[in-house]
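Here is a short report for a reader meeting this structure for the first time. Please look over the sequence and the model before reading on.

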Amino acid sequence: MEFLQTILEVLKRTAPGFLEATVLTLQVTAVALVLGTLLGLVFALMKISKSKVLQAIANTYIMIIRGTPLIVQIMFLYFGITAIVILDAFWAGAIALGIHNGAYIAEIFRGAIQSIDKGQREASMALGMTRGQSMKRIIFPQALKRSIPPLGNQFIITLKDSSLVYIISVSELFAVANRDAAQSYQPFETYLVVALYYLVLVMIFTAILRWYEGRLNVDK
């Protein structure tokens, strides 16, 4: 009972700072998801193209990003980006997170596109469509529906991975929790509370994704 009371006290004390940090966490996640989705689509199309050069570029990007730790990429890209363009930690961190997720989203899109029956592409081209028109009108709409579940999982992973941008001094949830734990000398209670914040955010994301998947099933 005393422990529960302590947790409630920590919740009340940290609420203003954590709520502000939650907004920043969602902003970082949103920017990273938009950038990652765009990069993922571009590199997926490059990987399935007939050009060996484009395939090589896409394969190299995916191999490097998936083969190195995210925290290393954040530090590397942060210092690399800010050495060329003056950006604050928020934008540098969001861009680094977007580039990281782009590699995984590229593989999601590639798999979804290649899962569509080749006969549909052949039939559309037999009707006079170009390869690009066939992709835009026939293949990609179906592939997008198939990619929603794995994309949803990747979006949730991105939300949780956003905690790593604390390393470049972005004041998101985990960074604020670190500061509060050091100041209050209640690390266990503080990290438990911030874990609850992340859990609630993930539950909200999951509910939205399930609702959207349900809408897609109804529209079939």
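What follows covers helix packing, the nonpolar cores and one histidine.

## About the model

This is a predicted model, in which local features need pLDDT of at least 70, side-chain atom pairs count only at pLDDT 80 or more, and totals for chains, interfaces and linings use all residues. Residues are numbered from 1 along each chain as its sequence is written, and side-chain values use heavy atoms, with hydrogens and water left out.

## Helix 1 and helix 4

Helices are DSSP runs (H or I, at least four residues), numbered from the N terminus. Helix 1 spans residues 2–47 and helix 4 spans residues 89–114. Their axes come within 5 Å and cross at roughly 40°. Axes are lines fitted to C-alpha atoms over the stretch in contact, and angles run from 0 to 180 degrees between N-to-C directions.

The two helices are therefore oblique to each other. Angles under 35 degrees count as roughly parallel, over 145 as roughly antiparallel, 65 to 115 as roughly perpendicular and the rest as oblique. The crossing of helix 1 with helix 4 is right-handed (the near helix is turned clockwise from the far one by less than a right angle; anticlockwise is left-handed). By class, this contact has 20 nonpolar, 6 polar and 3 charged residues. Asp, Glu, Lys and Arg count as charged; Ala, Val, Leu, Ile, Met, Phe, Trp, Tyr, Cys and Pro as nonpolar; the others, Gly among them, as polar.

## Helix 1 and helix 2

Helix 2 covers residues 52–67. Helix 1 packs on helix 2 at an angle of about 130°, with the axes 7 Å apart. That pair is oblique too. Here the crossing is left-handed. Helix 1 brings L39, F43, M46 and K47. Residues from helix 2 include L54, I57, Y61 and I62. Contact means heavy atoms within 4.5 Å.

## Nonpolar cores

A nonpolar core is a set of buried Ala, Val, Leu, Ile, Met, Phe, Trp, Tyr and Cys residues joined through side-chain atoms within 4.5 Å. Buried means under 20% relative accessible area (1.4 Å probe, protein chains only). The largest core has 26 residues. V28, F43, Y61, I74 and V170 touch the most other members. Helix 4 gives the most to this core, with 9 residues.

Among the residues that I74 touches are A96, L164 and I168. Another core, of 17 residues, lies apart. L159, Y197, Y198 and V202 are among its members.

## H100

Is H100 buried or exposed? H100 is buried, with a relative accessible area of 6%. H100 sits in helix 4. Not counting residues up to four places away in sequence, H100 touches I65, L70, Q73 and D161.

Methods: Buried < 20%, exposed > 50% of the residue type's maximum accessible area, 1.4 Å probe, protein only.
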